[in-house]
Amino acid sequence: MTGLSGAAKLAGVMGWPVSHSRSPRLQGHWLARYDIDGAYLPLPVNPGDFETVFRALPKMGFSGVNVTIPHKEAALLLADEADDLARRIAAANTIIFREDGSSLATNTDGFGFLMNLQDQVSDWKADAPAVVLGAGGAARAIIVALIDRGVPEIRLLNRTKARAEAIAGELGSPVHVLDWTEREAVLSDAGLLVNTTSLGMKDNPPLEIRLDDLSPQATVADIIYAPVETDLLISAKARGSRVVTGPGMLLHQAVPGFEAWFGRRPVVDDALRQAVFPEIYGAP
Ligand code: NAP
C-alpha cells in the first residue's frame, strides 16, 4: 500500500512516554506486508489527558489501541467492557473500539508469553511446578496464562512479599507465595523458571540466583529483551536447560490486536523479528 485512502483503518499505542515503543514498527511491518489500507501511530498521552483522548479516539474513527505504561490500569477502568483476562490481570494492553463507539478491553501479555514459550520449546508441558520471580504487571499476566494452561503449582517469589500475596489472594490456588530468599530452595522439582523482574536488564542490577538444584529438564524463561541473553539464560543453557528469550513475547502479544483492528491474523516470523529487533536478529 503506497498511500492511505480516506477509509484507512486506524490504530495506535497510547503511552507516556511512548517514543521507546516498538509497537509502531511491529504493527507497521504487518500493515506493509499484508498491503492493508491502515495506519498504526505512536500516541504520546499524558496521564492527565488519558480519559479525554481515550473517549475521543473512537469518535475519530480509530478501530482500537494498545495501551502501555502508565495507562494499563486506567484503560481497564474506562473501557465499557472488559474480558475475563483483563479483569483477572487487573490491567488492559489492548482496546477494541466497536462500530457503535463502545470499547472492549483485553490483555494479550500472557498469550504473548505462552506463544513465545511454545515457539522456542515446542514440547514444553504444563505438568510440573513453575517458579515465577517478580510480582509486577508482567508477572500477573504470565501467572494467569500459566494457571489457564493447567500448571499445577506456581511458586511466586518477590522482593516485596506483600505484592506477591496480593496476586495470590486475587488469583487463588495454585499460586503459593514464598520468601524472595528461598528462590534457590524452590527449584529442585520445577519444570519452569521465569524471571519477570527487571533484574538482569541493561543498566539494572543482576539477578542473583544459583541454578545448582534446577533439573536440566526444566525450561528457563526471561522476559527481559535487553540484553536478549541474560546471565540467567546463559547459566541455564550451560547446565543443559532449554531457554526462552524475551523479544518473542512482545511480538506475539501484538497478534490479537492486529487481527481485531485490521482483519487479518498476522504471523510472527524471521522477517518480523528482524524488522522489530534489528540489533538482535540483524537488519532485514
Ligand atoms: P514492574 O511492574 O515495575 O515490576 C518490576 C518487578 O521487578 C517487581 O517484581 C520488582 O519487585 C522487581 N524488582 C525490581 N528491582 C528489584 C531488585 N533490585 N531486587 C528484586 N526485585 C526487583 O515491571 P513489569 O512491567 O512487570 O516488567 C518487568 C520486566 O519485564 C521489565 O524488565 C520489562 O522490560 C520486562 N517486560 C518484558 C515484556 C516482553 O514482552 N518481553 C513485557 C512486559 C515486561 P518489587 O515488587 O519488590 O519492587
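**A helix, a sheet and a pocket**

Visitor: In this predicted model, how many residues does helix α6 have, and what span does it reach from its first C-alpha to its last?
Guide: Helix α6 covers residues 137-149, which is 13 residues. At 1.5 Å a residue, a span of 18 Å is expected. The span in the model is close to that value, at 19 Å.

Visitor: Which residues of α6 are buried?
Guide: A residue counts as buried when its relative accessible area is under 20%. In α6 this applies to Ala139, Arg140, Ala141, Ile142, Ile143, Val144, Ala145, Leu146 and Ile147.

Visitor: Which residue just after α6 takes a positive phi?
Guide: The phi in question is about 100 degrees. The residue that takes this angle just after α6 is Gly150.

Visitor: How far apart in space are Gly172 and Ile147, C-alpha to C-alpha?
Guide: Ile147 is one of the buried residues of α6, whereas Gly172 is found in the loop between α7 (161-171) and β9 (175-179). In sequence, Gly172 and Ile147 are 25 residues apart. In space, their C-alpha atoms are separated by 9.9 Å.

Visitor: Is Gly172 buried, partly exposed or exposed?
Guide: Buried means under 20% relative accessible area and exposed means over 50%. The relative accessibility of Gly172 is 25%, so Gly172 counts as partly exposed.

Visitor: Which strands stand at the edges of the open sheet?
Guide: The sheet has 6 strands with parallel pairing, in the order β9-β8-β7-β10-β11-β12. Two of these strands each have a single partner strand, so one side of each is left without a neighbour in the sheet. These edge strands are β9 and β12 (242-244).

Visitor: Which residue of β9 is the bridge partner of Arg155?
Guide: Strand β8 (residues 154-158) runs parallel to β9, and 5 bridges join them. In β9, the bridge partner of Arg155 is His176.

Visitor: What angle does the direction of helix α5 make with that of β12?
Guide: Helix α5 (residues 109-120) packs on the sheet. There, α5 touches β10 (192-195), β11 (219-222) and β12. Its direction makes an angle with that of β12 of about 145 degrees.

Visitor: Which element supplies the largest share of the lining of the largest pocket?
Guide: The largest pocket has a volume of about 1600 Å³. Of the 49 residues that line it, those closest to its centre include Gly137 and Ala138. The largest share of the lining is 4 residues, and it comes from α6.

Definitions and conventions:
Residues are numbered from 1 along each chain as its sequence is written. This is a predicted model: local features need pLDDT of at least 70, side-chain atom pairs count only at pLDDT 80 or more; totals for chains, interfaces and linings use all residues. Side-chain values use heavy atoms; hydrogens and water are left out. Helices (H or I, at least four residues) and strands (E, at least two) are DSSP runs, numbered from the N terminus. Buried means under 20% relative accessible area, exposed over 50%, partly exposed in between (1.4 Å probe, protein chains only). The expected span of a helix is 1.5 Å times one less than its number of residues. Two strands pair if DSSP finds at least two bridges between them. Contact means heavy atoms within 4.5 Å. Axes are lines fitted to C-alpha atoms, for helices over the stretch in contact, and angles run from 0 to 180 degrees between N-to-C directions. On a 1 Å grid over the protein atoms alone, a cavity is a set of points where a 1.4 Å probe fits but cannot get out, and a pocket is an open set with protein on both sides within 12 Å along at least five of seven lines; lining residues have an atom within 4 Å of a point. Grid points are joined across faces, edges and corners, and a volume is the space filled by probe spheres set on the points.
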